[in-house]
Amino acid sequence: MGDPLPVNPASPDDQALAALARAGDNQAMEDLINRYKALVRQKASALYILGADNDDVIQEGMIGLFKAIRDYKPDQGASFPTFAYRCISAQITDAARPASRP
């Protein structure tokens with residue numbers, strides 16, 4: 001599934017940042033975006049969407065990250081990095097699916 005991003009031990013963990021971001025904390029949202037933008041770029045470079053440039057694919061990945069922040073529930077058993085990875089991957093894959101149809 002890929003390696004989750006390393007977490008800086010001096011800063012709040014991702015689960016706490018996600019909770020703060022959902023509560024409207026813009027700094028927490030920005031921190032999560034900065035932590036995960038490398039993962040979004042990595043996933044975007046691995047997938048090609050017919051008729052789209054890399055920035056479009058990155059944008060889809062960022063939508064997946066925003067959905068992960070919005071929908072993450074720590075009591076469901078997955079860590080935030082794992083959940084974010086799945087949401088980012090799913091969003092990019094969903095965007096690519098219609099473009100790959102004949």
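Which residues does Ala28 touch, not counting residues up to four places away in sequence? The model shown in every view is predicted.

**Figure 1. Ala28 and the residues it touches.** Ala28 touches Leu17, Leu20 and Ala21, leaving aside residues up to four places away in sequence. Ala28 is placed in helix α2. Between the C-alpha atoms of Ala28 and Leu17 the separation is 5.2 Å, although the two residues are 11 apart along the chain. The relative accessible area of Ala28 is 2%, which is under the 20% limit, so Ala28 counts as buried.

**Figure 2. The overall layout of the protein.** The protein has 4 helices and 0 strands. Read along the sequence, these elements give the pattern α-α-α-α. Of the 102 residues in the protein, 32% are buried. Among contacts with a separation of 6 or more, 60% are between residues 24 or more positions apart.

Figure 3. Helix α2 runs over residues 26-46, 21 residues in total. From its first C-alpha to its last, α2 reaches 29 Å, close to the expected 30 Å. A bend of about 45° is found at Tyr36. At the start of α2, a side-chain oxygen of Asp25 comes to within 2.9 Å of the backbone nitrogen of Gln27. The buried residues of α2 are Ala28, Leu32, Ile33, Arg35, Tyr36, Leu39, Val40, Lys43 and Ala44. This list includes the charged residues Arg35 and Lys43.

**Figure 4. The largest nonpolar core.** This core holds 23 residues, and those touching the most other members are Leu32, Tyr36, Leu65 and Phe80. Two or more core residues come from each of α1 (14-22), α2, α3 (54-71) and α4 (80-100). Helix α2 gives the most, with 7 residues.

**Figure 5. Asp14 and its polar partners.** Asp14 has its place in helix α1. Its side chain makes polar contacts with the side chain of Arg35 at 2.2 Å and with the side chain of Tyr36 at 2.4 Å. The pairing of Asp14 with Arg35 is also a salt bridge, with 2.2 Å from N to O. Because Asp14 lies in helix α1 and Arg35 in helix α2, this pair ties together parts that are 21 residues apart in sequence. Are the two partners buried or exposed? Asp14, at 2% relative accessibility, is buried. Arg35 is buried as well, at 18%, since the limit for a buried residue is under 20%.

**Figure 6. The salt bridge between Arg70 and Asp71.** Side chains of opposite charge can pair when their charged atoms come close. The structure holds 2 salt bridges, and one of them joins the side chains of Arg70 and Asp71, at 2.7 Å from N to O. Arg70 has a relative accessible area of 52% and is therefore exposed, the limit being over 50%. Asp71, at 32%, counts as partly exposed. In the other pair, Asp14 and Arg35 are both buried.

How values were computed. Residues numbered from 1 in each chain as written. Predicted model: local features only at pLDDT ≥ 70, side-chain atom pairs only at ≥ 80, totals over all residues. Heavy atoms only, no water. Expected span 1.5 Å × (residues − 1). Bend = angle between axes of the 7 residues up to and from the residue. Buried < 20%, exposed > 50% of the residue type's maximum accessible area, 1.4 Å probe, protein only. Polar contact = N/O pair within 3.5 Å; in protein donor to acceptor, adjacent residues only side chain to side chain. Core = buried A, V, L, I, M, F, W, Y, C linked by side-chain atoms within 4.5 Å. Salt bridge = Lys/Arg side-chain N within 4 Å of Asp/Glu carboxyl O. Contact = heavy atoms within 4.5 Å.
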